[in-house]
Amino acid sequence: MPHLAVNDVCAKYGSLEVLHGIGFEVDRGEVVSLVGPSGSGKSTVLRALVGLTPVTSGHVEVDGKKIDYGSSQAVKAARDRMAIVFQQYNLFQNMNVMRNVTLAPIKIKGRPKAQVEAKAIELLDLVGLSEKRDAYPDQLSGGQQQRVAIARALALEPEILLLDEVTSALDPELVNEVLDTIRRLAREGMTMILVSHEMSFVREVSSKVIFMDDGKVVESGPPAEIFDTPKSERARDFFGKILRH
């Protein structure tokens with residue numbers, strides 16, 4: 001049984017349907033990357049999984065159990081199992097790093113403060129920022145802020161981490177420090193679904209790559225297969241253009 005199964009999912013922004021029967025599976029410990037042209041629906045998939053974009057038909061299962069997106073309680077339960085990190089860090093500017101990471105587990109999850117803070121120290125060490133626990137966001141680089149955002153998501157102890165173009169707002173020299181954090185998580189067996197335009201990184205870290213266009217899955221498979229021998233003309237055209245640069 002797959003850890004996560006997306007079955008024929010459609011989703012809308014208002015009256016505009018943006019996902020047209022999306023389907024894929026993610027096994028526990030896999031890193032699955034969504035790639036494709038801008039506007040193909042990649043980020044919308046992540047938003048739909050956590051109930052931020054309405055799913056209008058189809059269904060999503062976690063460990064074989066369907067998520068009822070019409071139920072706020074079920075959506076909350078889904079968000080307990082999946083955490084999303086956006087391209088904008090959205091840190092609280094008036095709180096230091098430790099407070100940013102520990103706020104939600106303490107206030108929303110009701111976990112003991114000492115336990116949460118001990119876990120936060122572990123996570124900040126994992127993302128290479130243990131010495132920055134008392135710093136405020138405006139004292140950090142963009143790459144450091146994004147790593148804090150990843151630690152904050154991990155503090156919620158999700159089973160699946162969703163990463164939405166987490167390097168696209170960064171200066172080029174800061175990208176690698178965030179990618180190194182994702183590599184570390186992959187080595188530790190974190191289940192992840194990521195949207196990224198960093199194609200060499202996608203090829204390196206992914207167990208499966210899903211190529212999307214126009215709100216649909218065009219094809220999916222191992223990275224070498226998708227990058228080197230894509231089956232569809234659309235994928236061949238896309239990779240032919242981007243991999244030449």
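Analyst: Angles under 35 degrees count as roughly parallel, over 145 as roughly antiparallel, 65 to 115 as roughly perpendicular and the rest as oblique. Welcome to this predicted model, where local features need pLDDT of at least 70, side-chain atom pairs count only at pLDDT 80 or more, and totals for chains, interfaces and linings use all residues. Residues are numbered from 1 along each chain as its sequence is written, and side-chain values use heavy atoms, leaving out hydrogens and water.

User: Which strands stand at the edges of the open sheet?

Analyst: The sheet has 6 strands with mixed pairing, in the order β6-β7-β8-β3-β9-β10. (Strands are DSSP runs of E, at least two residues, and helices of H or I, at least four, numbered from the N terminus; two strands pair if DSSP finds at least two bridges between them.) An edge strand has a single partner, so one side of it is left without a neighbour in the sheet, and that describes β6 (82–85) and β10 (216–221).

User: Which residue of β9 is the bridge partner of Val32?

Analyst: Strand β3 (residues 31–35) runs parallel to β9 (residues 208–213), and 4 bridges join them. In β9, Val32 is partnered by Lys208.

User: What angle does helix α5 make with β6?

Analyst: Helix α5 (residues 142–155) packs on the sheet, touching β6 and β7 (160–164); contact means heavy atoms within 4.5 Å. Axes are lines fitted to C-alpha atoms, for helices over the stretch in contact, with angles from 0 to 180 degrees between N-to-C directions. The direction of α5 against that of β6 gives about 170 degrees.

User: Is Ala153 buried or exposed?

Analyst: Ala153 lies in helix α5 and touches Ala83, Val85, Pro158 and Leu161, not counting residues up to four places away in sequence. With a relative accessible area of 6%, Ala153 is buried.

User: How are α5 and α6 arranged relative to each other?

Analyst: Residues including Ile150 and Leu154 in α5 meet residues of α6, among them Leu174 and Val178. α5 and helix α6 (residues 172–187) have axes 8 Å apart and pack at an angle of about 25 degrees. The two helices are therefore roughly parallel.

Notes:
Buried means under 20% relative accessible area, exposed over 50%, partly exposed in between (1.4 Å probe, protein chains only).
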